[in-house]
Amino acid sequence: MKRYFPNSTVKIDNEEKMAGKAIFTDDILCQDALYVVFVRSTISKGKILRIEVPALPDGYHYIDAKDIVKENVVSIIFSDWPVFADGVVNYYGETIGLIAGPDKQTVLDLVRKVVITYQEETPNFELKESVFHKHFAKGDIAKAKQEADFSYTETFRTSLQEHLYLETQAMLMWLDGDKVTVKASMQCPYYVKKAIVRTLGCDPDNVRVIQPAVGGAFGGKEHYPSLLSAQLATALVKIKKPLRFVFDRTEDIAFTTKRHPSQTTYTAYVKNNKITGIEAHVKLDGGAYIGCSGVVLARALIAVVDCYTIPSLEVNGDVYLTNTVPTAAFRGFGSPQTIFAFEMFINHLAKAAKADPLEFRFTHLAKKGDITAVSGNFHDEIIMPQLIEKAMEMSDYKRKIKEYNKPNSNKGIGMSWFLHGCGFTGSGESTIINAHVKLVKEADDTVHLYTSQVDFGQGNRTTLKKIVSDTLGYPEHLVFHESPDTDHTLNTGPTAASRTIIIVGYLCEKAAKHLKEQWVSGKRIEIIEPYVAPPYIHWDEETMQGDAYPGYAWGVNIIEVSYDPLTYQVHVDGVWSTYDVGHAIDERIVVGQSDGGIAQGIGYGMLECMDIKDGKFYQKTISDYTVPTSMDLPYMETVLIDNHFAYGASGAKGAGELTFVGVAPALCLAIEQAIKRKINKIPANPEYIMELVENGKD
Amino acid sequence: MAKIKFVVNNQPYEVDVDPSARLLDVLRDELHLIGVKEGCGEGSCGACTVLVNGVSYSSCLTPIANIIGKEILTIDGFNKTEQYRIIADAFAELGGSQCGFCTPGMIMSTYALFLENPDPTEEEARLSLSGNLCRCTGYNSIIKAVLEAAKEGRKRGIKW
């Protein structure tokens, strides 16, 4: 068979996953586990007056807020989400209690018989009162405003998105002696540990979290399992029997976190065909609890003018609470919303200025040494001109964009430029995470790498192992990357924020270098490698000023579409991408991230529709929440161009989120050209396109 | 409850279950064949795909009573064959498996396609796998892997 990626390694978990031998949470045998079903609110807002639980047969248990051991709060960045609703409910589906018992069907029947009496209150579904506000400015916006030739204002909206990982949320928890022990479909085992310790008020040594295989996550298993684990732990210490549940798909869609809907308004001030200033206001819908929304907002705001340098800015952002399922982490974490908005805006603005959009954008593109939106520096080389040139050549962009401008053409091509900050925002890597990698060479000369990074499909465990074996110059089969288990690994931080390779990968490389220096055959050597931030990084969390990320990855997406004026349906005909991820440790893995990010982005941009009516989602199943199938996508071409990053393993930065953030604007710019109308919101589904074609503006 | 006889991965079985039980549950809970996955429970995602007498079925929609006397093939048995090796090697080379949850179903659907059409075009492969959802790969590597496996099968003169 031809080698398509001659320098790539077969992933460490590849064969077990293909052969159906990988053990996911629902595959773990535990015959005596009680099955858990949650009792949920059936209203969007109100007081709980009375809970009537039916008579429970022997061996069946009901647990709710009155059973909380220490703190009724889920440990998330901003801890306002209760483990169990206590007296009030704030969204339809909020967990009030749970029933556990040996027979699943009996438990389901009992849950249906729980009667809750509420005093209903009027729920809020509008972005009315901000609960979290951020502001920053750059340069002299008053001057820009005063001297402008003209100003231009537009608003953009993005909708909810469901992660739709193929494996639904699942958890198994038991007592090993006194120790609360967990296996779950999760992406951050130490978040789960922290949530259990906090709600139980127990010694951290009394909680052990073990990572099984995970069938996709995309951010949807970053914070939500913390809630689930706190609920199960509360039940476990009372019932003292193993507990488990697996969400069915409808439960998962209806009650787990989603991507934040957003509304972004820009006003640009233009003088001599250059943008001299921008005012922006970004509004995010956080759902019923704040949770991580403040940090999502921070990332959205830092990306507010995408990869462009604008001399003056006035930026405001707000998180609003509504009586709906809380929104939380999802690939891109706020930046897909503003990157979509700004890429559409700058193209619309170029047209309003009667300028060629390509040239207009290029004039504003960030260069090395430029001051970022939050007044930090672009310290590293920016190779966007090469990425753009290559992507245009691959796609034959220049010819097509002219050809598709003809009046009778139903085709379009769109190009997006974008960046993604890798790692936690600001100083989070040193102040919040403080990762430590453990690398051990045993006396038998096998090498064992311990991290808490979870592989939910990204191939990161293979990549980190490869960094160690490459650095040591040691055979891959003698290097083992141990699966996360909080009793044996150190906390290297969550698997999120495109931080695994840029942060943990770099630590792995440093640890391997130290091991190599101390290598003595036949002797056990242990290396603990702590995180140290690059010395030039300065960040003020309060004012949001400084270097927002340790490093940036960059990219270009070009998407070609055709449009059927009879059905208003759009088909994606071609996708071409170029990226600067520093250096790809494993090309096949990075190309795989590109393919998957683009597919999810195309879903976000035109297919995935999630509507709310009276606080409930209309879409309930995979049949009505439509994600891309193999018929919706063409072959996709990806080229990676190296741009060595001084603080990355072999120069590597991050790639997981980068491949998602720019897809919707590339797609919508292509659709705009095909339908000859302006797009201001996603998803651009046939209903919206029909509305635009019938009533929209050119 | 009823006693139901059928063959799974070349082994005869008799189970005493509710005849309306889902084939998926019987395979996972009674026979512990964990390669069969539940992704949606409504026949929309393809993660539970098995072959029944050589034809692909969503085992989550199939009552056990419908398969009395029939032959079931799941990934747990198929993974021991040369045909599996060809498909799996192509998936490995192109990167067709990421989180791996859809992969067993995807491989079973690929095999079902080859039984009918050992030489599919890209279009035919896309149509044939359109009932199997993958949220990780964008199908790019999967479709390429299917065509690569077909090519390898022809080269080796394999009988699908």
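Q: At what angle do helix H8 and helix H9 of chain A pack?
A: In this predicted model, helix H8 (residues 335-352) of chain A packs against helix H9 (residues 357-364) of chain A at an angle of about 120°. Their axes are 9 Å apart.

Q: And is the crossing of H8(A) and H9(A) left-handed or right-handed?
A: The crossing in which H8(A) passes H9(A) is right-handed.

Q: Which residues meet there, on H8(A) and on H9(A)?
A: H8(A) contributes Ile346(A), Asn347(A), Ala350(A) and Lys351(A). These meet Pro357(A), Phe360(A) and Arg361(A) of H9(A).

Q: How many of the residues in that contact are nonpolar, polar and charged?
A: The contact of H8(A) with H9(A) comprises 4 nonpolar residues, 1 polar residue and 2 charged residues.

Q: Turning to chain B, into which domains is it divided?
A: Chain B has domain 1, spanning 2-76, and domain 2, spanning 81-156. The C-alpha centres of domain 1 and domain 2 of chain B are 21 Å apart.

Q: How many residues does each domain of chain B bring to the contact?
A: Domain 1 of chain B supplies 15 residues and domain 2 of chain B supplies 13 residues.

Q: Which elements give two or more residues to the domain 1 side?
A: On the side of domain 1 of chain B that touches domain 2, they are strand E3 (49-52) and strand E4 (55-58) of chain B. E3(B) gives the most to that side, with 3 residues.

Q: What is the make-up of that side by class?
A: The side of domain 1 of chain B that touches domain 2 has 8 nonpolar, 6 polar and 1 charged residues.

Terms used
Residues are numbered from 1 along each chain as its sequence is written. Chains are lettered from A and ligands numbered from 1 in the order in which they are written. This is a predicted model: local features need pLDDT of at least 70, side-chain atom pairs count only at pLDDT 80 or more; totals for chains, interfaces and linings use all residues. Axes are lines fitted to C-alpha atoms, for helices over the stretch in contact, and angles run from 0 to 180 degrees between N-to-C directions. Helices (H or I, at least four residues) and strands (E, at least two) are DSSP runs, numbered from the N terminus. A crossing is left-handed if the near helix is turned anticlockwise from the far one by less than a right angle, and right-handed if clockwise. Two residues are in contact if their C-beta atoms, placed from the backbone, lie within 7 Å. Ala, Val, Leu, Ile, Met, Phe, Trp, Tyr, Cys and Pro count as nonpolar, Asp, Glu, Lys and Arg as charged, and the others, Gly among them, as polar. Domain bounds come from an automatic or database domain assignment.
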